[in-house]
Amino acid sequence: MDDTIYKIAIAGYLHDIGKFAERAGDEGFHPGQEYKNDNAPLYQPYYNNRYTHSHAVYTAAFIEHIEKYLPPWFNKGNWGIGDPFINLAAGHHKPETPMQWIIAVADRVSSGMDRKEFEDYNNEVKIRDYKKTRMLSIFEGISLDNKHKEGDINSYRFRYPLERLSPKNIFPIDGDGYRSLDSKSATKEYTKLFKDFVNSLGDISHRQNIPLWFDHFDSLFMIYASNIPSATVGKTIPDISFYDHSKTTSAIASAIYLYHQQTDSMDIERIKDYEIEKFLLVKGDFYGIQDFIFAEGGSTMKASAKLLRGRSFAVSLLSELAAHLLCTNIGLTPSSIILNAAGNFTIMAPNTPVTVKMISETETQINEWFMDNFLGESSIGLSYCDVSCNNLISKGFSEFWERFNVQSQRHKYKKIDLEKYGGPVKGYLNRFNNALAKALCPFCGKRPSSPEAENDSLLGEEKSACNICRDHIYLGTNLVKKPLIAVTTKEAKLNEKLLEPIFGDYQVSLDVTGQLNELADKGQLVKYWDISISKDGDITTDKTARFLNGYVPFQDDGQGGDVIPKSFSDIAKTAINKASSDDGVDMGIEAMAALKADVDNLGAVFGCGIRKERISISRMATLSRQLNLFFTVYLPHVLSTDDRFSDIYTVFAGGDDLFVIGPWNRIIDFAGFMRDRFREYVCGNRHITISAGISLSKPNDPVLSLAKRSEGALEKSKAVEAKNAITIFGETVKWEGLETLNSCRDKIYKWLDSDYINSAMLFRLNTFIEMSKKTKRLLEMGQGISVDDIECLKWRAMLRYALIRNVGRGLKDDERAVALKEVEQSVQWLEEHGGSLKIPLWQVIYNRR
């Protein structure tokens, strides 16, 4: 790839690094007064007899003074074309050349500013106590009824801690403590964070390989800069992450550079033009994710858990590599991927014929691979929309974003090129090899078995498999014990690898022991990721971190060896409530449950949730990434550290949705916990809610069937007014109603323990619930009630009679009177909750069976 595009991308990324250095104070980083005096005229605007925007000099000083941690080309004048790298990065507030103006325009567009706003900002701004300012939560300012918060920082209650990224620190906290933060303490926090960041720069390997270095730097900067506010001066609301502003600036600068380079228009006035549609915003959508993950039809259920893990991981892997392939083909760096979560990605690209051609060719390459291997069940669509700078700033963003999403939706109707692929799959029957143990893959029942996979040790008792199923088993087997993943070119000679290179270009290995440096030196190492998060919440800094993996429950192998993943049968057994003593009796049913959940009204949250005057591409990036972190970082970490939920298995978590499987009773408890924590995560904002659906099953039920039932339950939750609901046992309630029903459940347990009622009474209550539901349904129909149906109207009388006959039968008169008065609450419960009373009642019945 052209050196200059990396030079532009990294200069755009580092343009504001001086803010971080300056806020760290003299103890954290000080370039020296002589350096500042000598370089102020070069990088700082001069206004009202003084130099402003001192962070620009700090950016230059950072690049010079931390040279040993940076690739050697950064401070060499012959790297790429045009200005020296240091001047590109530090000259954005006093641009003098076309390439410096590229960074300056990218900075202002990322911030959502038009030309006039930026000139005002560049000349003079009201200085706030910037070291004391902490990043606000973008969630707190979201509104769907056009009643947004005013532009006053003091109207916001929540702040993020100025600490590195972790499952704990992604949660905003009450800001009262930060309002009283003194300057010395505020600077000390920055000093520690900056020093840790600089020390971690030394962990970045492959300084001679700029793509690998940049990938690792991006990961490192995300860890240290995610909770830093980007702008802390003037009237700015500091809810944009420093990380997201830096990355979107890099993406915009790269696209501007390629546009003007390819259109031979590299002059300052054209670069400053906001009207020209210089950009293509490209959306990548993974179509058919559910069919991909839950594919079934094979003749064997062996390795089903490994296949599920492998397929789920493959969704994220394929999306990552599709985005990388498109960027590579266009001539962009991965920093141009501005949004990336849950099988979807968005890339900022130049609006040129070359780009349009590359989008078409890349989509064809990707989907030919999908057609060959998945026979049309899954594909990746690439749609795009013309964009100008005016579309990306606050005033024009909403109209453009709606147009962009409409274009993406239209593209979904063209998932497959029917002219090319319609009709029978060409050559399908010719692929079968009857000399193999099984000509048809026993795992998927769709693809022919492959000679390369024959007798592979990963297949166990099965001798045959197609390449894809073997590769998914390989991924599912190794992900639970090998968190380091190497992505290489297909020519790389690896210890172990896929049988089917992804898109025909990428190899993947979870074991490159002794090969890493050689692969990097040969230019064959494309990515090297660590997908783990330690139990204490630390995210790796010595490798590139990627949040692509979920949580898998483990158990001893029973032979004194390694721990192994629990099977679904093992998970279902953990629903049993073990007896507290040797002579006690285990209680409960052996069953699993699936929980599907996703954020409500997400399109509206992105489309109109942010105040029109403040919306920008960097705010969208912050909003998308922070939503994703809840599902990819926080929830898997909870499952791995909270004993209550340690038997819950992550099938898919990312973007705005979640699918987990676990013991049925723990799943119900987890659903309430998840909702409470999500509500806390979004600052209790009533406009950002989540809905869920739960479905129970036996451990040997097909996962696809379980997934479909839980999807149906989720759809019921989404169908109620204002959503924000959960469906359990076929009954849908608001989350607040679930809290009330949980208190009913706890009281029923208390009644059983106090001998107020017995198990038979639980089943009587269940009968009255059904009678109550039928009564309500008949009355809502507004028609006459037949003689056959009239029996259900007697439920109140029959329930009271049953209570008098059965409550506290073994108790003395006074105690029985107390018990009867207590249990009579069930009549009121039925009046209030109707059929929803099944939710607590069935939990008690199943837990005590």
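**Exercises on helices, a strand and a loop**

Helix H7 (residues 98-110) and helix H12 (residues 242-262) pack with their axes 8 Å apart, at an angle of about 130 degrees. The model is predicted, so local features need pLDDT of at least 70 and side-chain atom pairs count only at pLDDT 80 or more, while totals for chains, interfaces and linings use all residues. Residues are numbered from 1 along each chain as its sequence is written, and side-chain values use heavy atoms, without hydrogens and water.

**Exercise 1.** Describe the length and course of H18.

*Solution.* Step 1: helices (H or I, at least four residues) and strands (E, at least two) are DSSP runs, numbered from the N terminus. Step 2: H18 covers residues 394-411, which is 18 residues. Step 3: the expected span is 1.5 Å times one less than the number of residues. From its first C-alpha to its last, H18 reaches 26 Å, close to the 26 Å expected. Step 4: a kink of about 25 degrees is centred on phenylalanine 400; the bend at a residue is the angle between axes fitted to the seven residues ending there and the seven starting there.

**Exercise 2.** Is serine 697 buried or exposed?

*Solution.* Step 1: buried means under 20% relative accessible area, exposed over 50%, and partly exposed in between (1.4 Å probe, protein chains only). Step 2: serine 697 has a relative accessible area of 6%, so it is buried. Step 3: serine 697 lies in strand E18 (residues 690-697). Leaving aside neighbours within four places in sequence, serine 697 is in contact with Ala591, Met592, Leu706 and Arg709.

**Exercise 3.** Describe the phi and the exposure of alanine 722.

*Solution.* Step 1: most residues other than glycine have a negative phi. Step 2: alanine 722 has a positive phi, near 70 degrees. Step 3: alanine 722 lies in the loop between helix H26 (703-719) and strand E19 (725-728). Step 4: its relative accessibility is 58%, so alanine 722 counts as exposed.

Conventions. Axes are lines fitted to C-alpha atoms, for helices over the stretch in contact, and angles run from 0 to 180 degrees between N-to-C directions. Contact means heavy atoms within 4.5 Å.
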